[in-house]
Amino acid sequence: MTATTTRHLVESAVTMPRSGIRVVMDLAWRTGDDVIGLHVGEPSFPTPGHVVNAACDALAAGHTRYVPNAGIGPLREALAHKVVSRNGFGPTAADDVIVSAGGMQGLWLALAATIQAGDEVLLPDPGWPNFAMAVQLLQGRPVGYHLSPEDDFLPDVDRMEKLVTDRTRVLIINTPSNPLGAVLSPAALEQLLAFAARHDLWVISDECYDALTFDRPHVSPATLDPDGRVLSCFSFSKTYAMTGLRVGYVVAPPGLGAVLAKMQEPLLACVNAPAQFAALAAVTGPQDDVEEMRRTYRARRDVACELLDRRGVRYLRPEGAFYLWIDVSDRTDDVATFAQRAVTQRRVAVAPGTAFGGAGEGFVRVSLATATEDLLTGLDRLLAT
Ligand code: PLP
């Protein structure tokens with residue numbers, strides 16, 4: 001007798017591609033300690049001491065229990081204040097701030113509230129792979145809008161018009177950008193918001209690197225949004241070098257906070273309580289560490305760009321975040337294999353551009369969040385003929 005079963009895994013989960021960055025990461029771990037890692041966006045700084053102490057103090061004080069779905073009150077208040085004073089939008093009510101488990105879970109929350117099966121989401125290509133992965137898991141359809149060297153990697157709204165269908169619901173914007181390090185100007189953002197208004201789209205704005213710009217200030221899309229269509233997603237991970245504590249937050253347009261808050265119940269109930277106290281110390285405490293990290297990343301950007309200029313290598317000069325987008329199309333027409341061979345043969349790990357979408361062929365992403373000496377030696381190894 002043959003057994004039959006109606007049990008099956010959801011196709012979107014099975015077919016979701018693995019992050020191409022993780023593939024290189026696993027290979028680098030297996031290959032050995034002499035591999036210089038320029039592939040991950042992990043700050044090279046320790047978490048500031050007062051932030052670590054706040055988490056320890058919270059544990060010692062017994063903050064080891066459930067807290068509200070949307071986050072602890074003092075943190076939501078502090079974030080509402082931060083958004084007004086540092087991002088320039090609002091006034092934001094604490095009710096519209098939802099604490100998430102890292103920026104990623106905030107993005108998931110924003111997507112889960114705005115799309116249903118079959119809906120299409122416009123997202124940057126090249127762009128952070130998790131955008132497309134999340135859309136796919138939510139049964140939506142990721143549609144990449146190309147950012148190409150010919151347009152200085154800026155979104156071309158005329159070309160984006162052709163991607164819109166009657167199922168398009170959301171536009172994802174990411175500034176400063178991973179992997180490009182590009183920072184969108186107010187003019188570019190205004191065009192994108194006008195585009196979103198023409199097609200009545202939600203805008204999910206990923207501002208995980210909002211504190212890390214080098215040449216001009218970050219502009220939050222919500223400052224240019226008269227319609228309440230922008231859901232702004234932020235993270236503590238990079239700004240305060242606390243990736244493993246997993247705290248981020250969503251600032252929702254007025255009135256949406258309650259919906260997002262109740263969605264947290266089945267998703268995670270609440271974000272880890274001691275980590276929220278650490279985040280509170282981070283956002284309300286001294287910001288010197290943030291400034292120090294920003295200056296260091298900028299200095300690394302400058303020395304790395306000098307090296308690339310000396311070698312005649314083409315790249316996009318990053319204005320924010322901590323990544324260099326390097327053109328290796330004269331060395332390979334298959335960057336995924338190029339990146340794997342770089343690990344095993346040249347002992348340097350970089351992220352292949354195709355990990356960020358089809359438009360990434362011919363490019364690799366190098367992280368500046370690595371000690372300067374390693375960064376320069378790693379680039380030397382990568383570019384040696
Ligand atoms: N958004 C972008 C563009 C990122 O690069 C990252 C992390 O690499 C995140 C969001 C989320 O980071 P986390 O979930 O650690 O806050």
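Predicted model: local features only at pLDDT ≥ 70, side-chain atom pairs only at ≥ 80, totals over all residues.
Residues are numbered from 1 along each chain as its sequence is written, and side-chain values use heavy atoms, with hydrogens and water left out.

The ligand is surrounded by 13 residues, of which G103, D206, S235, S237 and R246 are the closest; a residue is counted here if one of its heavy atoms lies within 4 Å of the ligand. By class, this shell consists of 4 nonpolar, 6 polar and 3 charged residues (Ala, Val, Leu, Ile, Met, Phe, Trp, Tyr, Cys and Pro count as nonpolar, Asp, Glu, Lys and Arg as charged, and the others, Gly among them, as polar). Helix α5, residues 102–114, gives the most to the shell, with 3 residues. Helices (H or I, at least four residues) and strands (E, at least two) are DSSP runs numbered from the N terminus.

A polar side-chain atom of D206 lies 2.5 Å from a ligand nitrogen atom. Of the 390 Å² of accessible area that the ligand has on its own, the protein covers 92% (Shrake-Rupley method, 1.4 Å probe).

Across the whole structure, 20 salt bridges were found, each defined as a side-chain nitrogen of Lys or Arg within 4 Å of a carboxyl oxygen of Asp or Glu. In one of them, the side chains of R169 and D119 meet with an N to O distance of 3.7 Å. R169 belongs to strand β5 (residues 168–174) and D119 to the loop between α5 and β3 (120–125), so this pair ties together parts that are 50 residues apart in sequence.

Two cis peptide bonds may be described. One joins D125 and P126, with omega about 5°; P126 is in the loop between β3 and α6 (129–137). Another runs from T175 to P176, with omega near -15°, and P176 lies in the loop between β5 and α8 (186–198). D200, a residue other than glycine, has a positive phi near 50° and is located in the loop between α8 and β6 (202–206).

How values were computed. Polar contact = N/O pair within 3.5 Å; in protein donor to acceptor, adjacent residues only side chain to side chain.
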